[in-house]
Amino acid sequence: PNQEARNLAGSKPIRVGFLYSNPSAAYLSEFLVGLLSQSGLNNVQLFVEKCEAGEHEAEQTRRLVENGLDGIILPPPLCDSEEVLAAIAEANIPAVVVACGLPDARVGAVSIDDYEAAFAMTRHLVHLGHQRIGFVVGHPNQTASARRLEGYRAAIAEQGADDSPELVVQGMFTYRSGLDAAEHLLALEERPTAIFASNDDMAAACVAVAHRLGLDVPGDLTVTGFDDTALATTIWPELTTVRQPIAGMAREAVQSLVRRVRALREGVDAQPEQVRMDFELVRRQSDAAPRLRPSAK
């Protein structure tokens with residue numbers, strides 16, 4: 001804990017549990033950077049536990065709560081788990097969910113507008129000249145996935161672009177699922193000129209498949225992602241993506257939880273905070289106008 005925070009009058013340490021289950025190492029590392037840095041500044045003792053998604057989520061949550069926690073922070077996908085949220089409500093301790101598409105009113109939340117972010121990226125691609133834009137959906141167990149799909153579809157409709165169902169492919173937020181999705185999209189008789197993946201891991205996989213097929217990115221295929229994790233700038237070409245301030249959201253989650261815990265200690269019935277943070281469309285080298293092809297004679 002930060003020594004200045006420790007010395008503040010009445011600054012009793014706050015015990016916070018962090019329960020995670022995320023297939024993206026890049027996302028998790030960004031989240032932990034923010035979580036750890038802010039915990040030190042706020043005299044927070046952090047208890048970190050991995051939770052395997054499935055039937056034991058509630059049991060693992062209850063076991064973590066038994067450490068005498070003051071609150072819990074939940075990143076995706078656990079932020080959408082009914083079992084976990086029910087266990088937290090049963091324990092009657094404050095919680096903050098992060099990056100949840102449709103936050104539960106019983107807990108605090110820190111998020112961006114996933115719908116607007118996906119809408120902005122899709123509209124950007126159409127404005128570049130793309131009409132056939134493939135979309136790789138995120139894991140179905142996360143509400144953010146549905147919101148991003150809704151944003152993509154709304155922009156396609158508004159801009160009058162191709163809305164063929166074959167252009168939407170299910171992914172799982174993993175690199176492997178991105179490979180499968182790209183292979184499907186790029187095998188279409190009329191392949192898309194752009195692919196928008198719901199996270200950077202799947203976008204990076206799309207770039208890899210394009211390279212294997214001898215396609216130039218972005219000359220033959222534009223690829224964009226979502227999150228702006230470190231992976232976005234470690235592949236070639238660097239990804240155009242939606243910047244979700246993952247570390248910043250983790251820091252805000254700690255601060256929000258600390259405010260509520262301290263208020264409750266003082267006998268104030270503090271309500272959960274709903275914090276909406278800004279996103280940013282970051283252009284790099286993976287997007288361009290579609291290459292003109294000779295028309296058939």
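Me: Which residues of H8 are buried?

Reply: An α-helix has 3.6 residues a turn, so residues three or four places apart point the same way. In this predicted model, local features need pLDDT of at least 70 and side-chain atom pairs count only at pLDDT 80 or more, while totals for chains, interfaces and linings use all residues. Residues are numbered from 1 along each chain as its sequence is written, and side-chain values use heavy atoms, with hydrogens and water left out. Buried means under 20% relative accessible area, exposed over 50%, and partly exposed in between (1.4 Å probe, protein chains only). In H8, the buried residues are Asp-200, Asp-201, Met-202, Ala-203, Ala-204, Ala-205, Cys-206, Val-207, Val-209 and Ala-210. The helix is thus mostly covered, with 10 of its 13 residues buried.

Me: What covers the buried residues of H8?

Reply: The cover includes helices H2 (25-41) and H7 (175-186), together with strands S6 (133-137), S8 (194-197), S9 (222-227) and S10 (240-243). Contact here means heavy atoms within 4.5 Å. Helices (H or I, at least four residues) and strands (E, at least two) are DSSP runs, numbered from the N terminus.

Me: What should the 13 residues of H8 span?

Reply: The expected span of a helix is 1.5 Å times one less than its number of residues. For H8 (residues 200-212) that gives 18 Å, and the end C-alpha atoms are 18 Å apart, which agrees. Just after H8, Gly-214 takes a positive phi of about 80 degrees.

Me: Which residues of S6 lie on one side and which on the other?

Reply: In a regular strand the side chains alternate between the two faces of the sheet. In S6, Ile-133, Phe-135 and Val-137 are on one side, Gly-134 and Val-136 are on the other, and all are buried. In S4 (residues 95-98), Ala-95 and Val-97 point one way and Val-96 and Val-98 the other way, and all are buried.

Me: How many bridges join S6 to S8?

Reply: Two strands pair if DSSP finds at least two bridges between them. S6 and S8 run parallel and are joined by 4 bridges, with Val-136 opposite Ala-197. S6 also pairs with S7 (residues 168-170) in the parallel sense, over 3 bridges, and there Val-136 stands opposite Val-169. Likewise, S3 (residues 71-74) and S4 pair in the parallel sense over 3 bridges.

Me: How many cavities of 30 Å³ or more does the structure hold?

Reply: Rolling a probe the size of a water molecule over the atoms shows where empty space is left. On a 1 Å grid over the protein atoms alone, a cavity is a set of points where a 1.4 Å probe fits but cannot get out, and a pocket is an open set with protein on both sides within 12 Å along at least five of seven lines; lining residues have an atom within 4 Å of a point. Grid points are joined across faces, edges and corners, and a volume is the space filled by probe spheres set on the points. The structure holds 1 cavity of 30 Å³ or more. Of the 14 residues that line the largest cavity, the closest to its centre are Tyr-27, Pro-76, Gln-142, Phe-173 and Asp-227. About 130 Å³ of space lies in the largest cavity.

Me: Which helix gives the most to the lining of the second largest pocket?

Reply: Helix H4 (residues 82-91) does, with 3 residues. The second largest pocket holds about 150 Å³ of space.
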